[in-house]
Amino acid sequence: MAATGFVVYILAGFSIAILSAFYIDSQQNFSHGNDAFNPSLKLSSNFTILQYPFQSESKIWPKLKFSWRIVLASVIGFLGSAFGTVGGVGGGGIFVPMLTLIIGFDTKSAAAISKCMIMGASASSVLYNLRVAHPCRDVPIIDYDLALLFQPMLMLGITIGVALSVVFPYWLITVLTIILFWGTSTRSFYKGIEMWKAETSLKKEMRMQQESRVNSLNFPVIIDAEYEVLAPRVEKTSMQILRFNLRLRRLLVLILVWACFLALQIIKNGVHVCSIWYWVIFCLQFPVASGVFGYESVNLYRESKRRRSVGDMESVCEAMIDWTPIQLVVCALLGILGGTVGGLLGSGGGFILGPLLLELGVIPQVASATATFVMLFSASLSVIEFYFLNRFPIPYAMYFMMVSSMAGFWGQFFVRKLVAFLKRASIIVFILSFVIFASALTMGVIGIESSIQMIKNQEFMGFLGFCNNQR
């Protein structure tokens, strides 16, 4: 399983970075003595960039008025949302720098508005995808099995990432971002190249068959992850496809998990930080996530085992693998990792989920639809929590949600038309790789610049105290 190698790469890179942070922390504690144990006194405004959501930082909410800044931000937000939802990665890595550098928001508010944009784009994309038929099988375009597998771990990871964002130094978050985004964008790019070559070979073979008149049947050809020529099927109306794509029982389970996490977050925000009840509520998220993940994992494992026993080689859900306990554990770790990064950076966690679904053998159309569907739950959870905490200005949030919603719909519309016209699903993979690379570039440049400034100012570069740096 290729995802296992990716996990090794991520764990190795993250371990080296975190061990380096411990070393720097110990050196600064030794050099500065007791003063180093109160690092919050030495922080400047530069430190809080992307240290979301609990670092001390004054709110900066510019007035919403027509200017070149709002026009430029709208164009970037539209393109970021369009490409981000098509690739299934959201686009939070583009939105946060755009809102801070162009509009002038403080980092907390920018990350909160970024979540609003991801939610708007994801909602419109899901509504569009529900009216789209699966390209090669008589199953929903959204894979509910994979959604149930990853959604609870992704949401658990987001809560962990939010907590770690208080503790991790800014330079460490920058390094982790570069490691993760470089790995996912590179792997997705090579995956796209492989798919492009396979599609080219298939198209040549089809052309030769048509020229030699071997294939006399006028069957429509749909390119999927397996690149097979498929038989025609009965066309359905948009409403028939919508009803078929909706699986109400599984959807209710996902909503129930979402509601449980939302209730725990609201309750946790109402208790004293680091009190006994705070940690009890925080720890309750683990059995909720583990229970849903474990139930879905058992179902996938049993179904995969049953099919192997009877010689049925058809894939379980969309994944082209035989589910084993090790592979399920790897998926759990990557789901938590994706959510953690989303909590650290204010993104939706799709930077892990989108590439991971492709690694599992999910065709790009389904990977995009499923990742966007899962991101809708994680982003909406954050938006509701931020609303109660008054973390973003309503006019700006509504405006950029409108922009991203339109972008999400039209992005899906044009790209899927392009994929159908060119018969190249690899286009979606290249878009995913491009969005991740652009996010790595913008956040990496800003992060490196701010970290250099911190070094020049001799600011504290070690770990912060969790309980002393809340809100």
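What follows is a conversation about a predicted model of a protein chain.

Visitor: What kind of model is this, and how many helices and strands are there in the chain?

Guide: This is a predicted model, and the chain in it has 14 helices and zero strands. Read along the sequence, the pattern is accordingly one α after another, written α-α-α-α-α-α-α-α-α-α-α-α-α-α.

Visitor: What share of the residues is buried?

Guide: Of the 471 residues in the chain, 56% are buried. The accessible surface comes to about 21,000 Å², and carbon and sulfur atoms account for 67% of that area.

Visitor: Okay, the surface then. Which residues form the nonpolar patch?

Guide: The patch is formed by F66, V71, V75, F78, L79, F83, M402, M406, F409, W410, F414 and F434, and together these residues have about 1,200 Å² of accessible area.

Visitor: Which helices each supply at least two of its residues?

Guide: Those are α2, which covers residues 68-87, and α13, which covers residues 394-422. F78, for instance, has its place in helix α2.

Visitor: Is F78 buried or partly exposed?

Guide: F78 is partly exposed, since its relative accessible area is 32%, and buried would mean under 20%.

Visitor: Changing topic: how many salt bridges are there?

Guide: The count comes to three salt bridges. In one of them, the side chains of R250 and D145 meet, with a distance of 2.8 Å from N to O.

Visitor: What else does R250 form a salt bridge with?

Guide: R250 also forms a salt bridge with E296, where the closest N and O atoms are 3.9 Å apart. This pair links distant parts of the chain as well, with E296 in helix α9, residues 276-309, and R250 in helix α8, 46 residues apart. D145, R250 and E296 are therefore linked in a network of salt bridges, because R250 bridges to D145 and to E296 and a salt bridge here needs such a nitrogen and oxygen within 4 Å.

Visitor: Is E296 buried or exposed?

Guide: E296 is buried, with a relative accessible area of 3%.

Visitor: Now the rings. How many aromatic pairs are there?

Guide: A search of the whole structure finds 18 aromatic pairs. One of them is formed by F83 and F434, an edge-to-face pair with 6.3 Å from centre to centre and 75 degrees between the planes. F83 is in helix α2 and F434 in helix α14, residues 426-456, so that pair links distant parts of the chain, 351 residues apart. F83 is partly exposed, with a relative accessible area of 32%.

Visitor: What about Y128 and F409?

Guide: Y128 and F409 form an edge-to-face pair too, with 5.3 Å from centre to centre and 90 degrees between the planes. Y128 lies in helix α4, residues 107-129, and F409 lies in helix α13, so the pair ties together parts that are 281 residues apart in sequence. Y128 counts as buried at 13% relative accessibility, whereas F409 is partly exposed, with a relative accessible area of 32%.

Visitor: Which residues do ring pairs link into a cluster?

Guide: Ring pairs link Y128, F409, W410, F413 and F414 into a cluster. F409, W410 and F414 are also listed among the residues of the nonpolar patch.

Visitor: Last one: which charged ends sit over rings?

Guide: The charged end of R247 sits over the ring of F244, 4.8 Å from the ring centre. The charged end of R424 sits over the ring of W196, at 3.8 Å from the centre of that ring.

Notes
Residues numbered from 1 in each chain as written. Predicted model: local features only at pLDDT ≥ 70, side-chain atom pairs only at ≥ 80, totals over all residues. Heavy atoms only, no water. Helix = DSSP H or I, 4+ residues; strand = E, 2+ residues; numbered from the N terminus. Buried < 20%, exposed > 50% of the residue type's maximum accessible area, 1.4 Å probe, protein only. Areas by Shrake-Rupley, 256 points an atom, 1.4 Å probe, with all protein chains shown as cover. Patch = residues over 30% accessible without salt bridge, like charges linked within 9 Å, V, L, I, M, F, W, Y side chains within 5 Å. Phe/Tyr/Trp six-rings, centres within 6.5 Å; stacked < 30°, edge-to-face > 60°. Lys NZ or Arg CZ within 6 Å of the ring centre and 35° of its normal.
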